[in-house]
Amino acid sequence: MSSILTLSQVSRQFGDTHAVDRANLSIEPGQFVGVIGRSGAGKSTMLRLINRLIDPTSGSISFGELDVTSLKGKALRQWRRDCAMIFQQFNLVDRLDVLTNVLIGRLAEHGFLSSMAMRFSDEERAMAIQALDRLDLVPQALQRAGTLSGGQQQRVAIAKALVQKPKIMLADEPIASLDPANASLVMESLRRINREDGITVLVNLHTLDTARAYCDRIIAMRQGRVFFDGVAAQLTDGVVRDIYGLEGLKDFNADITSTTIRTPMPA
Amino acid sequence: MTLTAEIPSQRPAPIDRFHTFEQDFASKRQRSKRAWIIGSVLFLGLFALTSWMGDFFKYTQVSLPDGSREWRWIIPAGIPRLGEYISLTIPTLRWNSLGSDFAEWFWRWQIWGWLLLETLLIAFVGTVLGVIGGFVLSFPAARNLSPNKWVLWAARRYLEIARTVPELVWALIFVFCFSVGPLAGVLAIGLHATGALGKLYSEVNENIDMRPLEGVKASGGTWFDQIRFGAVPQVLPNIVSYTLLRFEINVRSSSIIGYVGAGGLGQEFRTAMSFQEYADLSALFVIIFVTVVIIDYGSEKLRHRVIGMEAQS
């Protein structure tokens, strides 16, 4: 059973900069939501606020009845487990094998001694291998994570997110460091997980066509605020120009920034 | 032509641009030259002052062979005495009775052999204690990993105290507590090595990539999980390397701390000096020298193997 994720009046300041400024948002379970906006618009900060890697300066985040902003200790760690995070730079441990990297997703359930000894149960290993199998990475399971390609590493990160049994998946620019082929593989995996497991996906994207191709709903941020909230069809050229602040540029073509090789299909 | 006209900024004419650069360049050179001169003068002044404070320019009275005394500069007056001391420690070795001369030089070889073994064991156990203490404390003592500034402060001060006090002084203290014997030596070396290794390890920790730790944290890992899974795998090869290096240093230290009664070969230095058996000193020196050379060689091989394994995988 999943609940609605709500952000109300959430702000986060870094010194004088308002990274996120009174953002309001509510996300229904099972949605595939893309977040777009120019660099520095606060997309990344917003995802980190949701996962509580950083704390908001003001405002509150809730998940159904759960007040996320007030969580501490074990409850906070369990919240982080419930909203798995995927990073642009994958954030894997290069020198550990792929299997152990995936098992890191189980640490929220572990006590001090078993995690210090890096000991995991057979069930957990089976879970990890199943997750790796869904991402076609079982042959690489015993390889060091650092020896894999970027696309493979990002899929390991997704497998790690899967074993957390999350309710939400947050992905911060998951394809920004990948070539087009790997980028679409990663996006396809996220969509499959969204469809098959009913996990809500919230993904920051820096290319419009990817957002248009995959997302049920697109949110645009500008200067820390939610500037646009709708479906791909509502993103007209005029709106896009406002989002990216392209008023000065006469001709704007989304294809120039595209990193996909597939032709966008209707969402 | 139309293209340049569209660029909004006003660039000065080329001659002016280069002229400005030349002025900037000349003044930059002038500044660095001045900094160099000031630096050199300061350094030379400081050097002269410290050598004067260190009695480098001192004049002292020396006895001449004919019994008279005369004022001489201390450096040329003292150097011959160094040769005198070394010549005292040289054993008499003759070609036709080499075997018996050697036996006489190393006449206490049975005692020395045992003490050498004790020295190595003290160094080993001391290193193990130092590795445990240094490893545990290196994480709270690393600026990027410490959970909060109080823990950072406490861990750093403890490591500083442990390594600022020399092994010999720790040994004196522990001999007072635990009486004469190798236990005092083990504790002294362990404590000093904790401080030295903790510092080195924590500097390794400060250079790691923080992204893996963020990944562990975002999955719901505790601070300990972040360290265990994110940090330890990154620092392990460096830790092995520094540990082997420290073992070499500890062998040298444990061969001297016996001088204050903390076990090992050091006590023989004291015995030899008090009985004025100067040839024993050179025998002990040879024993320690050979041991240290062997251990240096072995640990260097091992360290390169660790680094090599690292490079392959």
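This is a predicted model: local features need pLDDT of at least 70, side-chain atom pairs count only at pLDDT 80 or more; totals for chains, interfaces and linings use all residues.
In chain A, six strands form an open sheet with mixed pairing, in the order β6-β7-β8-β3-β9-β10. The edge positions belong to β6 and β10 (225-230) of chain A; each has a single partner strand, so one side of each is left without a neighbour in the sheet. Direction ignored, neighbouring strands of this sheet are turned by 20° against each other on average.

Within this order, β3 (residues 32-36) and β9 (residues 217-222) of chain A run parallel and are joined by four bridges. On these two strands, A:Ile36 stands opposite A:Ala220, the latter in β9(A).

## Helices across the sheet

Helix α1 (residues 43-51) of chain A lies across β3, β6, β7 (168-171), β8 (200-204) and β9 of chain A. Its direction is at about 145° to β8(A).

Helix α7 (residues 180-197) of chain A lies across β3, β7 and β8 of chain A. Relative to β8(A), α7(A) runs at about 155°.

## Where the chains touch

The contact between the chains involves 25 residues of chain A and 19 residues of chain B. On the side of chain A that touches chain B, the elements giving two or more residues are α2 (73-82), β6 (83-86) and α4 (112-116) of chain A. Of these, α2(A) gives the most, with four residues. By type, the residues of this side of chain A divide into twelve nonpolar, seven polar and six charged.

## Overall form of chain B

Chain B has twelve helices and two strands. From the N terminus on, its elements run α-α-β-β-α-α-α-α-α-α-α-α-α-α. The radius of gyration of chain B is 30 Å, whereas the globule rule gives 20 Å for 313 residues; the value is well over the rule, so chain B is more spread out than a compact globule.

Taken along the principal axes, the box filled by the C-alpha atoms of chain B is roughly 100 × 65 × 45 Å. Buried residues make up 29% of the 313 residues in chain B. Among contacts in chain B with a separation of 6 or more, 66% are between residues 24 or more positions apart.

## The hairpin of chain B

Strands β1 (residues 59-63) and β2 of chain B run antiparallel and are joined by five bridges. One pairing is that of B:Gln61 with B:Trp71, the latter in β2(B). The hairpin has five residues between the strands, and B:Gly67 takes a positive phi near 95° in this hairpin.

Strand β2 (residues 69-73) of chain B has five residues, and the number buried is zero, so β2(B) lies largely in the open.

## B:Leu244 in helix α10

B:Leu244 belongs to helix α10 (residues 223-254) of chain B. Being buried takes 20 or more C-beta neighbours within 10 Å. B:Leu244 has 19 inside 10 Å, and therefore counts as partly exposed.

Leaving aside neighbours within four places in sequence, B:Leu244 is in contact with B:Ser299, B:Leu302 and B:Arg303. From B:Leu244 to B:Thr291 the separation is 47 residues in sequence and 15 Å in space, C-alpha to C-alpha.

Technical notes:
Residues are numbered from 1 along each chain as its sequence is written. Chains are lettered from A and ligands numbered from 1 in the order in which they are written. Two residues are in contact if their C-beta atoms, placed from the backbone, lie within 7 Å. Ala, Val, Leu, Ile, Met, Phe, Trp, Tyr, Cys and Pro count as nonpolar, Asp, Glu, Lys and Arg as charged, and the others, Gly among them, as polar. Two strands pair if DSSP finds at least two bridges between them. Axes are lines fitted to C-alpha atoms, for helices over the stretch in contact, and angles run from 0 to 180 degrees between N-to-C directions. A residue is buried if 20 or more other C-beta atoms lie within 10 Å of its own, exposed if 12 or fewer, and partly exposed in between; C-beta atoms are placed from the backbone. The radius of gyration is taken over C-alpha atoms; the globule rule is 2.2 Å times the number of residues to the power 0.38.
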